[in-house]
Amino acid sequence: MMFKGKWDMEKGKKSGSGRGYISWNDDMDKALLDTFVEYYNKGDRCQNGWKYHVYTAAIKNVREKCNVEITKDNIMSRNKTFDKHHTIINGMLETSGFGWDWNKNKISVDSDSVWEAYVAFE
């Protein structure tokens, strides 16, 4: 098997290729989402996602606020994760027994049986 880049024995993967994996934390998510909300409110979206300068602003904001090296690929990957979460949450909110707690900013569930039924179905 041929590889481009060096094989990193400690991490068990090749270096110098593909997207760099990063672990996201709450501060990084907040910095990214703050940027997305700002540019969304300005109308800076296009049919297939964000305009190029939004990614540039997001990279800059996350780097400055969280002192982490991040790339456009990292931003795009995290955005896909947000999209998946959005789909799941919307599905829950469309299901009887789930609602939104505006005081706590989180999903509310009417009862344990509602949750158990949802988990068994999924």
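Visitor: How do you know that the span of helix H1 agrees with its number of residues?
Guide: The expected span of a helix is 1.5 Å times one less than its number of residues. For the 16 residues of H1 (residues 26-41) that gives 22 Å, and the end C-alpha atoms are 22 Å apart, so the two agree. Before we go on: this is a predicted model, where local features need pLDDT of at least 70, side-chain atom pairs count only at pLDDT 80 or more, and totals for chains, interfaces and linings use all residues. Residues are numbered from 1 along each chain as its sequence is written, and side-chain values use heavy atoms, with hydrogens and water left out.

Visitor: What makes up the protein in helices and strands?
Guide: There are four helices and six strands, where helices (H or I, at least four residues) and strands (E, at least two) are DSSP runs numbered from the N terminus. Along the sequence they follow the pattern β-β-α-β-β-α-α-β-β-α.

Visitor: Which residues of H1 are buried?
Guide: Met28, Asp29, Ala31, Leu32, Thr35, Phe36 and Tyr39 are buried. They cover an arc of only 165° around the axis, taken from the directions from the helix axis to the C-beta atoms, which puts them on the same side of H1. An α-helix has 3.6 residues a turn, so residues three or four places apart point the same way. The face of H1 turned away from that side carries the exposed residues Asp26, Asp27, Lys30 and Asn41. Buried means under 20% relative accessible area, exposed over 50%, and partly exposed in between (1.4 Å probe, protein chains only).

Visitor: What do the buried residues of H1 pack against?
Guide: Their partners are strand E4 (49-50), helix H2 (52-66) and helix H3 (72-93). H1 and H2 pack at an angle of about 145°, with axes 9 Å apart; axes are lines fitted to C-alpha atoms, for helices over the stretch in contact, and angles run from 0 to 180 degrees between N-to-C directions. Among the residues that meet there are Ala31 and Thr35 in H1 and Asn61 in H2.

Visitor: Why is Asn61 called buried?
Guide: Its relative accessible area is 15%, under the limit of 20%, so Asn61 counts as buried. Asn61 touches Ala31 and Thr35, not counting residues up to four places away in sequence, and contact means heavy atoms within 4.5 Å.

Visitor: Which residue caps the N-terminal end of H1?
Guide: Asn25 does, with a side-chain oxygen 3.0 Å from the backbone nitrogen of Asp27. After H1 comes Gly43, with a positive phi near 85°.

Visitor: Why is Asn67 called exposed?
Guide: Its relative accessible area is 74%, over the 50% limit, so Asn67 is exposed. Asn67 is found in the loop between H2 and H3, and its phi is near 50°, a positive value in a residue other than glycine.

Visitor: How do you know that Asn105 counts as exposed?
Guide: At 53% relative accessibility, Asn105 is over the 50% limit and therefore exposed. Asn105 is found in the loop between strand E5 (98-101) and strand E6 (106-109), with a positive phi of about 55°.

Note on methods:
A polar contact is a pair of N or O atoms within 3.5 Å; within protein, one must be able to donate a hydrogen and the other to accept it, and residues adjacent in sequence count only if both atoms are side-chain atoms.
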